[in-house]
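Dear colleague,

I am passing on the structure below, followed by notes on what was found in it. Please read them side by side.

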Amino acid sequence: MISLDALTDLRSHDFDTIIDVRSPSEYFEDHIPGAINLPVLDDEERARVGTIYKQESPFRARKIGAALVFRNAAHHIETALGDYDGRWKPLVYCWRGGQRSGSFAWMLREIGWRAETIEGGYRSYRRLVVKELYEEPLRFRLVQLGGYTGTAKTELLPRLESLGVQVLDLEGLARHRGSILGDLGTPQPSQKSFESALAGTLARLDPGRLVLVEAESSKIGAVTLPPSIWSAMQKAPWIVVSAPLEARARYLADAYADVLADGDVLKSKLAPLRRYRGHAVVDNWNSLADAGDQVALCRSLAADHYDPSYDKSARSRGKRPAARVHTQELSPAALDAVAEQIAAELQTIST
């Protein structure tokens with residue numbers, strides 16, 4: 001049995017595979033990043049055993065549970081684990097490091113594999129995530145990448161990472177583009193799963209170097225930024241990217257082509273803005289959508305909604321940017337040049 005004293009311990013382990021033996025719904029809500037799910041009790045079986053434990057007999061529940069656990073474990077050994085040789089070394093965990101993970105790890109060791117369990121199971125891991133994101137100040141110094149919607153900030157992040165800049169891609173972790181049109185069409189992670197991905201990313205970064213993060217609100221779609229991240233972002237210096245409205249409109253029309261192509265979905269996303277922008281503005285957007293003029297629609301969305309919202313937020317911050325980077329166009333070559341300028345500005349901020 002191993003104990004986790006810090007999230008970085010998960011980076012330094014020498015196990016070949018991390019196995020989460022909890023039920024599929026437990027795994028879906030959250031799990032250690034990179035862990036695979038081999039449930040020894042599925043959701044129905046877990047509920048059944050729990051009911052027997054509470055309403056009939058703990059002994060009868062353990063007996064039935066043991067039979068199910070070993071039956072399911074045998075199935076995993078015959079299928080998912082069938083091709084592993086004797087050198088394979090797995091790390092197994094369940095909810096609190098008890099019977100489910102202990103039974104499965106025992107069976108794996110009896111076969112000859114060097115299986116270990118996590119002391120305290122998922123709960124001990126989750127406590128470390130909460131400590132990192134909720135209870136202590138962030139160990140990293142952030143720099144925010146700001147600018148009007150359509151300045152390709154998200155597309156700049158991998159370019160900056162390739163230049164050696166430490167990047168925290170919040171929208172990527174949240175699986176959302178961070179605006180009213182930002183739904184990617186796939187489910188976002190649960191709040192706990194988002195926090196696990198966030199904490200796992202931080203564990204791979206160097207606290208002694210700056211971390212660049214795209215400017216966001218406190219919520220990205222349905223998930224909320226934890227306090228340590230949000231607090232550090234509010235204190236962080238800014239680098240602002242700017243580009244002409246026409247270039248941004250064309251960029252947005254391409255970036256949001258999937259949303260703009262479905263008129264009914266688009267109109268449903270724009271409808272809530274009537275209370276903020278008025279009926280005339282939203283009616284104009286709907287007309288442009290019906291006409292298929294996506295560039296004109298994105299131009300108006302930027303000028304009449306996104307830009308005023310950004311300006312209002314910038315005024316409330318009351319902070320001057322540490323640097324500004326302007327580009328006349330948003331082509332791949334232009335974005336490469338912008339990334340190099342941002343990387344140079346980061347060197348100035350860090351010194």
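Two strands pair if DSSP finds at least two bridges between them; helices (H or I, at least four residues) and strands (E, at least two) are DSSP runs, numbered from the N terminus. This is a predicted model, in which local features need pLDDT of at least 70, side-chain atom pairs count only at pLDDT 80 or more, and totals for chains, interfaces and linings use all residues. Residues are numbered from 1 along each chain as its sequence is written, and side-chain values use heavy atoms, with hydrogens and water left out.

Q144 is placed opposite V213 in β7.

A second open sheet has four strands, also with parallel pairing, in the order β2-β1-β3-β4. Its edge strands, β2 (36–37) and β4 (116–117), each pair on one side only. Four bridges link β1 (residues 17–20) to β3 (residues 90–93) in the parallel sense, and I18 has L91 in β3 as its bridge partner.

Finally, E195 is located in helix α9 (residues 191–203). E195 is buried, at a relative accessible area of 1% (buried means under 20%, with a 1.4 Å probe and protein chains only).

Regards

Conventions. Buried < 20%, exposed > 50% of the residue type's maximum accessible area, 1.4 Å probe, protein only.
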